[in-house]
Amino acid sequence: MDNLAKHLLQRLMRRIPASMLQSTLDKWGRLTAEKRKSLDFTQSKLTITQELVALCEESELTVKHITELEMIYDAHSVELMQFKEQFKSHLSELKRNVSVKIKKHTDEAVWIRVAWGDGLSRPNHLKATYVVHYLQTPYVFVNALSSKNKPLLLQALTLSTKHQQIKAANLSGQKLTALRDLLMRQYQQVFPTKYPSPLPESDQSISKLRIEKVQAEASANRHRMAGETFGDGMLPALQSAFFQLETKFKDPTNEAMTQRDEPFICSVKFSSSNLLESLRHCASSGIASTPVTPLLSSIPLKGRNYFVITDNVPNA
Amino acid sequence: MSLLKPFSKLPDLNTANILLVENEEQFQQNLANTLVEETAVTVTVRLAKSLPLPMENDESRPRIDLVVFIINLTSDKSFESAKASLKYLVPGYFLGKVCFMATNARHASVRTGCLDALRQLAVSLHCPLLFAEDQTPEGAASSARRLLTILKVASGLVPNTTALYLSNLTRCTMPPDIDQPSFD
């Protein structure tokens with residue numbers, strides 16, 4: 001191992017805090033398991049550094065490997081540790097007597113459990129708020145948050161994730177995975193293509209040749225447009241959509257209602273075990289006309305399921 | 001307007017052509033698969049969602065011997081779509097070459113009066129009204145058998161019988177009024 005590599009390694013070791021050392025080395029994976037076990041992490045940093053340098057020389061690691069380690073440390077540390085510390089400190093500043101527990105899951109999700117208490121009483125663990133944040137995405141999922149504590153939590157989140165503001169996404173439901181998949185488009189997307197259908201198969205059995213769908217083109221068009229709007233395959237299991245209408249009543253045969261000036265307030269709720277699946281089926285079977293109306297297509301496109309519709313512009 | 005005409009094209013040898021019209025496009029596929037398994041006659045099946053049929057494939061289409069409207073009694077839309085399609089058939093079809101098939105007649109969510117309305121329609125057009133069970137393969141098989149009987153006659157493959165003769169026997173009639181007591 002040449003001098004440059006040694007120097008880099010020593011400089012890097014000065015940067016990495018002792019608490020993160022072991023996990024970073026594990027993630028790096030360039031040292032075999034026995035070598036890692038032989039490192040005694042209870043010693044002083046200097047001693048560990050010397051031992052590490054010796055191990056790396058044995059394994060004949062080069063500058064490239066050391067730079068790898070530096071990159072891993074940067075990626076690993078910046079997000080999670082900083083976020084954790086900052087969130088805890090911000091929240092404690094805003095409100096005393098809160099109990100916060102943060103845990104990171106394997107799939108890049110940070111779960112935070114907050115038990116609220118005010119200055120007089122202890123944190124109430126029976127009614128804890130859960131927050132899930134996917135690092136590097138601008139999305140936060142919150143469960144069971146009272147309106148009293150809402151601004152505090154939102155402010156702590158905004159500051160610790162280094163954003164400017166936080167706003168409601170108007171998406172709610174029972175299953176976290178469904179909401180996440182919808183928001184982050186983790187389902188099969190269908191993109192419009194100029195020549196959608198592949199070449200027809202040449203070996204059709206005799207009986208298939210005798211059955212022909214007369215309006216096959218129209219039906220294929222409907223399927224394609226439904227797929228483009230809602231996606232292909234398994235769709236995230238969204239369970240309801242809520243439309244709040246505040247529009248003027250429009251019915252030429254009903255004079256009494258149309259004469260009123262104030263808007264007619266009405267709410268429409270769709271619910272199903274898998275709402276997106278049902279909407280896609282409506283579009284592909286012709287029950288809903290295609291191209292799909294923006295009222296329905298906004299659900300997957302904008303990732304919302306609560307809409308307020310006023311006269312000028314839909315989806316306020 | 002692209003009307004469907006019964007005798008505007010030449011027939012093929014030992015062939016029968018049936019058109020299944022269904023708004024939901026579900027049961028017709030099972031029926032079609034069973035119908036083409038018939039060996040004595042070559043059966044070709046055309047599937048459509050509603051009439052009128054598109055003009056583009058008019059030349060490639062053979063002459064249609066029997067038009068079957070499959071109506072799901074639990075859905076109003078099904079019935080309305082079938083009624084709207086009727087006007088695209090030339091009156092010549094109603095001399096035994098049209099048949100109505102109703103599914104889900106025993107379902108709990110059938111609207112009252114729907115079955116009666118369908119019956120009225122079938123009676124006024126002198127067409128047979130069949131009832132089918134669409135959830136099991138046996139249901140599809142038995143409906144296919146009954147359709148084949150009518151189809152063979154309608155395509156002229158049964159000697160000494162025409163579709164008009166058969167329709168006199170099979171056409172739907174309104175049941176006598178139950179309110180009128182038959183005994184005193």
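This is a short talk on the aromatic rings in this structure.

Okay, quick one today. Keep in mind that we're looking at a predicted model. Counting over all chains, there are seven aromatic pairs, and I'll walk you through some of them.

Let's start with F242(A) and Y306(A). Their ring centres are 5.7 Å apart and the planes sit at 10 degrees; stacked means under 30 degrees, so this pair is stacked. Where do F242(A) and Y306(A) lie in chain A? F242(A) is in strand 6, residues 240-247, and Y306(A) is in strand 8, residues 306-310, so the pair ties together parts that are 64 residues apart in sequence. As for solvent, F242(A) comes out at 27% relative accessibility, so we call it partly exposed. Y306(A) is partly exposed as well, with 33%.

Next up, F249(A) and F264(A). This pair is edge-to-face, with 5.0 Å from centre to centre and 80 degrees between the planes. F249(A) sits in the loop between strand 6 and helix 10 (255-258), while F264(A) is in strand 7, residues 264-271. They're 15 residues apart, and the pair links distant parts of the chain. On accessibility, F249(A) has a relative accessible area of 23%, which puts it in the partly exposed class, and F264(A), at 35%, is partly exposed too.

Then there's a cluster: ring pairs join F243(A), F270(A) and F307(A).

What sits over the ring of F79(B)? That's the charged end of K83(B), 4.9 Å from the ring centre.

That's my bit, thanks.

How values were computed:
Residues numbered from 1 in each chain as written. Chains lettered and ligands numbered in written order. Predicted model: local features only at pLDDT ≥ 70, side-chain atom pairs only at ≥ 80, totals over all residues. Heavy atoms only, no water. Phe/Tyr/Trp six-rings, centres within 6.5 Å; stacked < 30°, edge-to-face > 60°. Helix = DSSP H or I, 4+ residues; strand = E, 2+ residues; numbered from the N terminus. Buried < 20%, exposed > 50% of the residue type's maximum accessible area, 1.4 Å probe, protein only. Lys NZ or Arg CZ within 6 Å of the ring centre and 35° of its normal.
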